[in-house]
Amino acid sequence: MELERALNAFHSMKLTQITPPLTQMPILEENSSIINALKILRTRHHVWVVNDRKEMKLVGVIRYFDVFYILMPPKRARLGSISPLFKSIFGGAEKVGEIMERNVLTIEEDATILDALEKMRRYKVGILAVVDEEGRLKGEVSLRLLITEFLRLLRVGGEEWRQHGSSSQ
C-alpha cells in the first residue's frame with residue numbers, strides 16, 4: 001500500500017529536516033521577567049528557557065498550565081514536596097528561572113520522526129525540545145508539527161501517496 005510507503009519514509013526523516021528555526025520558537029533567558037513569559041503564554045502553550053541567547057543551553061520550560069501556580073496564592077507545602085510557593089508571584093518569584101520546570105523532556109537533534117513519536121507516546125507529551133549533545137536548544141518537535149509534515153509529505157508525493165477513495169486533504 002502506498003500510504004504505508006509514505007509512513008515509512010516519514011518515520012525515517014530526521015528531526016533536523018522539519019524543526020522550525022529558533023527565531024520562530026518561544027524562548028526566554030532564565031533571568032527574564034515572569035511578565036515576559038506570561039505575554040508569550042497568551043498565544044503559545046510553552047516557553048523554552050535557556051541560560052542565555054548566546055550559548056542556548058536549555059535549562060527549563062514553562063507550560064501553559066503552569067500559569068495556575070504563577071498567578072494563584074500558594075498553598076502550604078506538605079513535608080517532602082516542593083511548594084507551589086516557590087513558583088508563585090506571591091512567593092516572591094520575579095524571573096522565569098524561579099518558576100520554570102527544570103526536568104525537560106528532550107530528544108537528540110539527529111533523531112528520527114519515529115524516535116520522536118515513540119518518546120511522545122511513552123511520556124504522553126505533545127512536544128519535545130530538540131537538543132545537541134551539549135544540551136543546547138536546537139529546535140522543537142510537536143505532534144502538531146508532525147501531523148503538518150505528514151500531510152505535506154502526502155501532498156508533495158502526489159497521487160501515489162494518497163489513500164485510495166479519499167477525497168479530503
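R136 is partly exposed in this predicted model, with a relative accessibility of 28%. Salt bridges with shared partners join R136, D132 and E134 into one network. One of these contacts runs from R136 to D132, where the closest N and O atoms lie 2.7 Å apart. The other links R136 to E134, with the closest N and O atoms 2.8 Å apart. D132 has a relative accessibility of 6%, so D132 counts as buried. E134 is partly exposed, at a relative accessible area of 42%.

The surrounding segment is a hairpin. Strands β5 and β6 form this hairpin, with 5 residues between them. Strand β5 covers residues 127–131. Strand β6 covers residues 137–142. The two strands pair in the antiparallel sense, and 5 bridges connect them. L128 has V141 of β6 as its bridge partner. Within the turn, G135 has a positive phi of about 80 degrees. Strand β6 is largely enclosed by the rest of the structure, because 5 of its 6 residues are buried.

The side chains of R44 and E140 meet at 3.5 Å, N to O. R44 lies in the loop between α2 (34–41) and β2, whereas E140 belongs to strand β6, so the pair ties together parts that are 96 residues apart in sequence. The accessibility of the two partners was also computed. R44 is partly exposed at 28% relative accessibility. E140 is buried, at 8% relative accessibility; the cut-off for this class is under 20%. In total, the count of salt bridges comes to 4.

P21 and E140 are 119 residues apart in sequence, yet their C-alpha atoms are 9.0 Å apart. P21 is found in the loop between α1 (2–12) and β1 (27–29). The relative accessible area of P21 is 41%, so P21 counts as partly exposed.

The wider fold was then examined. The protein has 6 helices and 6 strands. From the N terminus on, these elements follow the order α-β-α-β-β-α-α-β-α-β-β-α. Of the 169 residues in the protein, 38% are buried.

The loop between β2 and β3 holds two residues of interest. One of them is R53; β2 spans 46–50 and β3 spans 58–63. R53 is partly exposed, at a relative accessible area of 46%. M56 has its place in the loop between β2 and β3 as well. M56 counts as buried, at 10% relative accessibility. The backbone of M56 has a positive phi of about 60 degrees, although M56 is not a glycine. Most residues other than glycine have a negative phi.

K124 is another non-glycine residue with a positive phi, near 55 degrees. K124 sits in the loop between α5 (113–123) and β5. K124 is exposed, with a relative accessible area of 75%.

E108, D110, D115, E118 and E133 gather in a patch of negative charge on the surface. Among them, E108 lies in strand β4, which spans residues 106–108. E108 has 47% relative accessibility, so E108 counts as partly exposed. The second topic is nonpolar surface. Y64, F65, F68 and M72 form a nonpolar patch there, and together these residues have about 470 Å² of accessible area. F68, one of the patch residues, lies in helix α3, which covers residues 67–71.

Definitions and conventions. Residues are numbered from 1 along each chain as its sequence is written. This is a predicted model: local features need pLDDT of at least 70, side-chain atom pairs count only at pLDDT 80 or more; totals for chains, interfaces and linings use all residues. Side-chain values use heavy atoms; hydrogens and water are left out. Buried means under 20% relative accessible area, exposed over 50%, partly exposed in between (1.4 Å probe, protein chains only). Helices (H or I, at least four residues) and strands (E, at least two) are DSSP runs, numbered from the N terminus. Two strands pair if DSSP finds at least two bridges between them. Patches are made of residues with over 30% relative accessible area and no salt bridge: like charges are joined within 9 Å, nonpolar side chains (Val, Leu, Ile, Met, Phe, Trp, Tyr) within 5 Å. Accessible areas come from the Shrake-Rupley method with a 1.4 Å probe; for residues, only the protein chains shown count as cover. Lys and Arg count as positive and Asp and Glu as negative; His and the chain ends are not counted. The place of a charge is taken as NZ of Lys, CZ of Arg, CG of Asp or CD of Glu.
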